[in-house]
Amino acid sequence: MTNTQITLIQIDNYGPWTVTPEPRREVDLQTLQSRLYADLSQLFGNREGYVFFTRFDNMIAVTNGLDADAHALIQESVSNRYPVTISLGVETDANPAKALGTATEHLQEAGSAQDAARTEVLRGDPLAESNRTDEDVQIAHFDVNDATGKYTDQLNEYDSFIQIEQGYASLMKHMREEHDGLSFFVGGDNIIAVCPAMDGDAYKSAIDHVREDVGVDLKVGVGRARTAQAAGMDAKHALETCRHEATTVEFR
Ligand SMILES: Nc1nc2c(ncn2[C@@H]2O[C@H](COP(=O)(O)OP(=O)(O)OP(=O)(O)O)[C@@H](O)[C@H]2O)c(=O)[nH]1
């Protein structure tokens, strides 16, 4: 069984900040958002976590192994470096979507995302060390087959992007609706999904669904481990096995 610890990261009162005292230059907002993502990726990543940028004002992290002190330290580091602060909601569940749902409720119960008085909230109980196992996190690394030959070397960048995004939209919806898994586009032709305990047939049917739905061919490597990074690295090795063996689903 999986036991995924999810942390919802939310920039505090960001909407009002972007227009106070008047609308801020978009290039500056884009720079802030991408730098904050880079820093969070490193801050969580140094502690074996994974962060996904989603909408940038909200981000989702897989944080098995990070306790409350580690979360508080990351909040402090952000407030020391940026003109904004972040709130964090933490929850663990066998079902990743359910963990995110409860992590979200922790922040919603503390106040609105646009509430000047709700800042640097840290709520929810990280997984106790004694309850952790080597199969807590299941990460699936999906990749489009021959994206270079089919898209990058054939189409202009925008039309390639449409194809990749269509595959992503179809997969993310299928995984959310059928399995309560959370899928994130991570660049190029890659999608990383945080999954409950799923078997090979479930991954095969997800890949079949995307092919039938939007005509995009995927393969997937799956890893299971104690932390997001270890599971993610196993998933990458499994994906290499797919490449060598010309298979669509491999576990490691
Ligand atoms: N985030 C991320 N991006 C990757 C990774 N590997 C490749 N990419 C990106 O994906 C693009 C396509 O690379 P590949 O998936 O290796 O190439 P491909 O043409 O699809 O070939 P096959 O996957 O072997 O069928 C690269 O340009 C990178 O942008 C990875 O592990 N993580």
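This is a predicted model: local features need pLDDT of at least 70, side-chain atom pairs count only at pLDDT 80 or more; totals for chains, interfaces and linings use all residues.
1. Contact between the domains. The contact involves 17 residues of domain 1 and 15 residues of domain 2. On the domain 1 side, β2 (50-52), β3 (58-62) and α4 (96-110) each contribute at least two residues. The element that gives the most to this side is α4, with four residues. By class, the side of domain 1 that touches domain 2 holds eight nonpolar, seven polar and two charged residues.

2. Nonpolar core. The largest nonpolar core has 58 residues, and those touching the most other members are Ala61, Ile139, Ala140, Ala193, Tyr203 and Val220. This core lies between domain 1 (4-131) and domain 2 (137-251), because both give residues to it. As a general matter, nonpolar side chains tend to be buried together in soluble globular proteins.

3. Valine 220. Leaving aside residues up to four places away in sequence, valine 220 touches Ala140, His141, Phe142, Tyr203, Ile207 and Val249. Val220, Ala140 and Tyr203 are also among the core residues that touch the most other members.

4. Ligand shell. There are 14 residues around the ligand, and Ala147, Thr148, Val186, Gly188 and Asn190 come nearest. At least two residues of the shell come from each of β6 (137-144), α5 (147-152), β7 (182-187) and α8 (228-245). With three residues, α5 gives the most to the shell. The make-up of the shell around the ligand is three nonpolar, six polar and five charged residues.

5. Helix α8. Besides supplying at least two residues of the ligand shell, α8 can be checked for its span. The helix has 18 residues and reaches 25 Å from its first C-alpha to its last, which is close to the 26 Å expected at 1.5 Å a residue. The buried residues in α8 are Ala228, Gln229, Ala231, Gly232, Asp234, Ala235, Ala238 and Leu239.

6. Alanine 246. Just after α8, alanine 246 takes a positive phi of about 55°. The value is noted as positive in a residue other than glycine. Alanine 246 is in the loop between α8 and β10 (249-251). This residue counts as exposed because alanine 246 has 8 C-beta neighbours inside 10 Å, and the cut-off for exposed is 12 or fewer.

7. Threonine 54. A positive phi is also found at threonine 54, near 35°, again in a residue other than glycine. Threonine 54 sits in the loop between β2 and β3. Both β2 and β3 supply at least two residues of the side of domain 1 that touches domain 2. With 15 C-beta neighbours inside 10 Å, threonine 54 is classed as partly exposed, since that class lies between the limits of 12 or fewer for exposed and 20 or more for buried.

8. Cis peptide. The peptide bond from threonine 20 to proline 21 is cis, with omega near 0°. Proline 21 is placed in the loop between α1 (14-18) and α2 (26-45).

Conventions:
Residues are numbered from 1 along each chain as its sequence is written. A residue is near a molecule or strand if its C-beta atom, placed from the backbone, lies within 6 Å of it. Ala, Val, Leu, Ile, Met, Phe, Trp, Tyr, Cys and Pro count as nonpolar, Asp, Glu, Lys and Arg as charged, and the others, Gly among them, as polar. Two residues are in contact if their C-beta atoms, placed from the backbone, lie within 7 Å. The expected span of a helix is 1.5 Å times one less than its number of residues. A nonpolar core is a set of buried Ala, Val, Leu, Ile, Met, Phe, Trp, Tyr and Cys residues joined through C-beta atoms within 7 Å. Domain bounds come from an automatic or database domain assignment.
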